[in-house]
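This briefing covers a few local features of one model, grouped by topic. The sequence and structure come first, followed by the notes.

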Amino acid sequence: MLDPKHIKALEDLVGKENIYSDKAHLIAYSYDATRTRFEPDAVVFPRDEEDVSRILVYCNHHGIVITPRGAGSGFTGGALPTSGGIILAMEKHMNKILEIDMENMVAVIQPGVINMDLQKAVEEIGLFYPPDPASEAYSTIGGNVSENAGGMRAAKYGITKDYVMALRAVRPNGDIIRAGKRTIKDVAGYNIAGILIASEGTLAVLTEITVKLIPKPKFTKAYMGIFPSVDDAMNAVFKSLAAGANPVAMEFMDDLVVQALKEKLGVELPEDAGALLIGDVDGNVAEEVAFQLEILGRSFKENGAQEFVIANDAKEREELWYARRNASPSITIFGSKKLNEDISVPRSMLPEALKRIYAIGNKYGFKVPCFGHAGDGNIHVNVMVDGSDERQLEKGHKAIEEIFEMVVELGGTLSGEHGIGTSKAPFMNIAFNEVELALFKDIKKAFDPNNILNPGKMGLPD
């Protein structure tokens, strides 16, 4: 619990209306999508960058732990105040789009801006911000940058790091730094912006973000390929891309997800459907879209597709995407709790990775439905267990550990977009050797020698 003198000092810095230590606020800021809870000692709402600097100077001097937080929608505990201290909440004041620069095609925003709000604002003037995490309707850009969020459009357009051009941030000692420029080229100095992206608030507090924008494509169509087996669908992924297809998204659902969609939601699919690939193609001329669909249709059928469906209007597109958007809630027919991990492998390794995932599930006696972003090799693996059975939970976590080991063996990574946080921190030594982990700790110490910023995350010390 924070000494009342610290609460009073922080009130003097930001105003009494911007710091709360009542039970309601502590509970509201104690959890994220992991459903684990850690209450902070106080919640502070900085009004601007100067407030952030003053708060950090004070907390650094007194050894008070700070957890930066956007919307708290993460899946790995990155914004949980596991060590108490204060939550630095950005959504109340630092939530403004500061500039949309048409000439240079960039936007300058504060970290509390909602992803979808930015997308809508730039699309009104014909521009496009592609990163679209599933949480886009409520997650903040600051959180997206801190976790290097991806999304369904990553197959063609990349992920958050591909759009961050510059950052302003505050170090724990209160120093305000600029990292990167709004220029297309910049090779002066170390790539500090690159280090801050995906650092989960462990190095500095983001206060301003400059992102690249692109022209909004004029035409979009959705497609779906229905396959008899997972192997057929996975082979179609990288073979169609090698044939020249460049889809915006190529989303995958395996036979277990297909079964769940039919049983729980009544989605109409062929009896012998064993896997689905759903996505969009886009372009600035209709011929470009037609060309992409022709490549995909031909490649899918050459690799075993039973059907290739094209949505001809917005209603049909919504019907195709309904299956993908409901993949996650539908699979609860296989267990009351899902241990959800977002592993990523080279696309060519997808068939082998899935084969081994199912073998691990069979070994432990669990259903493991898989879906996700096959176009970029990022698959959501769901080990389904009875959440009330401690033995099942223990076995489920062992299965996850074996999956991580297999993924790294295939040249993949522990997380494609959810980050590490606390939930994947125990597995960092699977993906990195002792020298690499020591380097991470050295970087952390260089930025935050007193370890006040989000300690205990990403396998770094508490």
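**E49 and its surroundings**

Leaving aside neighbours within four places in sequence, E49 is in contact (heavy atoms within 4.5 Å) with M94, R168, V170, I176 and T207. The model is predicted: local features need pLDDT of at least 70, side-chain atom pairs count only at pLDDT 80 or more, and totals for chains, interfaces and linings use all residues. Residues are numbered from 1 along each chain as its sequence is written, and side-chain values use heavy atoms, with hydrogens and water left out.

- E49 is placed in helix α3; helices are DSSP runs of H or I with at least four residues, strands are runs of E with at least two, and both are numbered from the N terminus.
- E49 is buried, at a relative accessible area of 15%, where buried means under 20%, exposed over 50% and partly exposed in between, with a 1.4 Å probe and protein chains only.
- The C-alpha atoms of E49 and P4 are separated by 25 Å, and the two residues are 45 apart along the chain.

**Packing of α1 and α3**

- Helix α1 (residues 4–14) and helix α3 (residues 49–62) have axes that come within 10 Å and cross at roughly 160°; axes are lines fitted to C-alpha atoms over the stretch in contact, and angles run from 0 to 180 degrees between N-to-C directions.
- The two helices, α1 and α3, are therefore roughly antiparallel to each other, a label for angles over 145 degrees.
- On the α1 side the contact is made by K5, H6, A9, L10, L13 and V14, and on the α3 side by D51, R54, I55, Y58 and H62.
- By class, the contact of α1 with α3 has six nonpolar residues (Ala, Val, Leu, Ile, Met, Phe, Trp, Tyr, Cys and Pro count as such), two polar and three charged; Asp, Glu, Lys and Arg count as charged, and the others, Gly among them, as polar.

**Helix α9**

- In α9 (residues 255–265), the residues L256, V257, V258, A260 and L261 are buried.
- Their cover includes β13 (251–253), β14 (275–283), α11 (314–325), α12 (327–330) and β17 (370–373).
- D254 caps the N-terminal end of α9, with a side-chain oxygen 3.1 Å from the backbone nitrogen of L256.
- G266 follows α9 and has a positive phi, near 70°.

**S139**

- S139 lies in the loop between β7 (127–128) and α5 (141–147).
- The relative accessible area of S139 is 3%, so S139 is buried.
- Beyond neighbours within four places in sequence, S139 is in contact with A71, S73, V113, I114, N115, P133 and N144.

Methods: Polar contact = N/O pair within 3.5 Å; in protein donor to acceptor, adjacent residues only side chain to side chain. Parallel < 35°, antiparallel > 145°, perpendicular 65-115°, else oblique.
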